[in-house]
Amino acid sequence: MLGIASVGIAYGAGSLVRQVVRAFAGDYSSVASKPVPAGTEYLSVNELSRQMALPGGLTSADLVTHLQERIRRLNPQLNAVIELNPKAYETARELDRERASGNVRGPLHGIPILLKDTIETEGMQTSAGAFGLVGEAAGKNAPLVDYLIKQGAVILGKTNMTEMAGFRGVADGWSSRGGQTRNPHHADADVGGSSSGSAAAVAAGLAPLAVGAETSGSIIVPAARNGVVGLKPSVGLLNRNGIIPATQHQDTPGPMARSVFDVALMLNAMSGSDPQDPASVGAPQGIDYTRLLVPGALTGKRIGYPATFPEDGDPQPAWDSEPFRRTLEVLREQGAEVVPVEMRLADASGWAGLLFGDVKDELNTYLARRSGLPVKSLTELIRFNDERDGTDADHQPVLREISTSTLTPQQRKPLWEELIRDFRSTVNDPMKAHNLDAMVSDVDSNDYFGVAAAGYPGIAVPSGTDENGLPSSAYFFGTQWTEPTLLAVAHGYEQAAQVAVKPAL
């Protein structure tokens, strides 16, 4: 699914932002809900569930109404939510009735969740933020949406994102449908891309949980920039059907929340691989990802960190910052052995060409099967954007470059295999040589790029603030299917550090 951390030109939204604001002006609730205490929007999933279990306590309908009103009040400034689900309140009421009758589907019963605008959701748009993909609503849910609903989650709405997940070539967090997503910690700060709205919404208390999607950095970077937790799972661990694609070699959805534990609960609910997906071969099933999130999880763990990268034959210091130095201190204090390692840089020179070839083919296939959209191909999307936005400025440089790709799938296959082997060895080799349980770095070191190219898992966890007072983040990563260990290490660090910051808004 489209999901690359993007950089590009700023492109004004103007009246488009006002259109989105007006879309939230309606009243989606049919029965007045009682007010909820201030701060409820920042409670954990377990605390929300505990309050819902109390006689006469919080209801899912109360919470949905509270969050809808909060979105209407704050979203005109944040542009984090692109569409509200008109059935959210009705769904919450039904889940409240189920709870009252003694039926609780799981830990997410009655919990509102937001979805990135690349994830097909029945009755709602799935447009990747692009007007060219606005038309008939999706005819059915992506499988992972059905998994979440089965566990009792309430689909609250869809989140804004970098248009076409960075493949249009615009600024991080901007889409023609949703305008410019703003960082809730500071309106002018980097919001990250492309799951910008998912991260900003969770940070701002617009929802306790959100789903993002990543090809290269699009969960990790916005999670880090907005001060929330974001997990990019191993490619193939989760079902990828019903999500606008970029490349089968790197695409994956992933959970985003304000704590590692809530991310683990989401991963439990989202789990379910596609037996037809070659990347899912060997994917573990039936795991409780919260099981290892216990006190003392860091004791005895061997955690590597990139001390140097070779460059022109000479070792160069890896990323160094005060938050990262403090991260290493916390890990040591909690009983982990922190091991400096030299990280080899893989040859990424051919990566963009392979990626763009995949995007061209996979996006064309996806658009051809979606009914009721203004465009049926990448060529038509480019033409649509030119007709709508003019040609005075190049407002879709990456889409144009993708459209010129000539590498066939047969040509790309061996090149992808070689590239992935190379990127995997940059993680495998030091982890094996030093007998490591996980590795850690600062998100700004860009290690997420190599981990994403390898198809390996990584998780961003708040590590405090930088010299500008903006969120900083530690990035834990490992080899294929090591999510249980990564979550345990990240949870141990998070609980010891206690440095997550709430935005002032």
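Predicted model: local features only at pLDDT ≥ 70, side-chain atom pairs only at ≥ 80, totals over all residues.
Local features require pLDDT of at least 70 and side-chain atom pairs pLDDT 80 or more, whereas totals for chains, interfaces and linings use all residues. Residues are numbered from 1 along each chain as its sequence is written, and side-chain values use heavy atoms, with hydrogens and water left out.

**View 1. Glu41 in the loop between helices H1 and H2.** Glu41 lies between helix H1 (15–23) and helix H2 (45–53); helices (H or I, at least four residues) and strands (E, at least two) are DSSP runs, numbered from the N terminus. The residue counts as buried because its relative accessibility is 9%, the term meaning under 20% relative accessible area with a 1.4 Å probe and protein chains only. The side chains of Glu41 and His66 form a polar contact of 2.7 Å. Such a contact is a pair of N or O atoms within 3.5 Å; within protein, one must be able to donate a hydrogen and the other to accept it, and residues adjacent in sequence count only if both atoms are side-chain atoms. Apart from residues up to four places away in sequence, Glu41 touches His66, Leu67, Arg70, Gly205 and Arg258, where contact means heavy atoms within 4.5 Å.

**View 2. His109 in the loop between helix H4 and strand S2.** Helix H4 spans 88–100 and strand S2 spans 112–116. His109 is buried, at 1% relative accessible area. Polar atoms of the His109 side chain lie 2.8 Å from the backbone oxygen of Leu95 and 3.0 Å from the backbone nitrogen of Arg105. Beyond its neighbours within four places in sequence, the contacts of His109 include Met52, Glu98, Asn103 and Gln151.

**View 3. Packing of helix H10 against helix H13.** The axes of H10 (residues 351–369) and H13 (residues 409–433) are 10 Å apart, at an angle of about 135°; axes are lines fitted to C-alpha atoms over the stretch in contact, and angles run from 0 to 180 degrees between N-to-C directions. In H10, Trp351, Leu354, Leu355, Gly357, Asp358 and Asp361 meet Pro409, Arg412, Leu415, Trp416 and Leu419 of H13.

**View 4. Leu354 in helix H10.** Leu354 is buried, with 3% relative accessible area. Not counting residues up to four places away in sequence, Leu354 touches Leu407, Arg412, Leu415, Trp416 and Leu419. Leu354 and Arg99 are 255 residues apart in sequence, and their C-alpha atoms are 49 Å apart in space.

Methods: Buried < 20%, exposed > 50% of the residue type's maximum accessible area, 1.4 Å probe, protein only.
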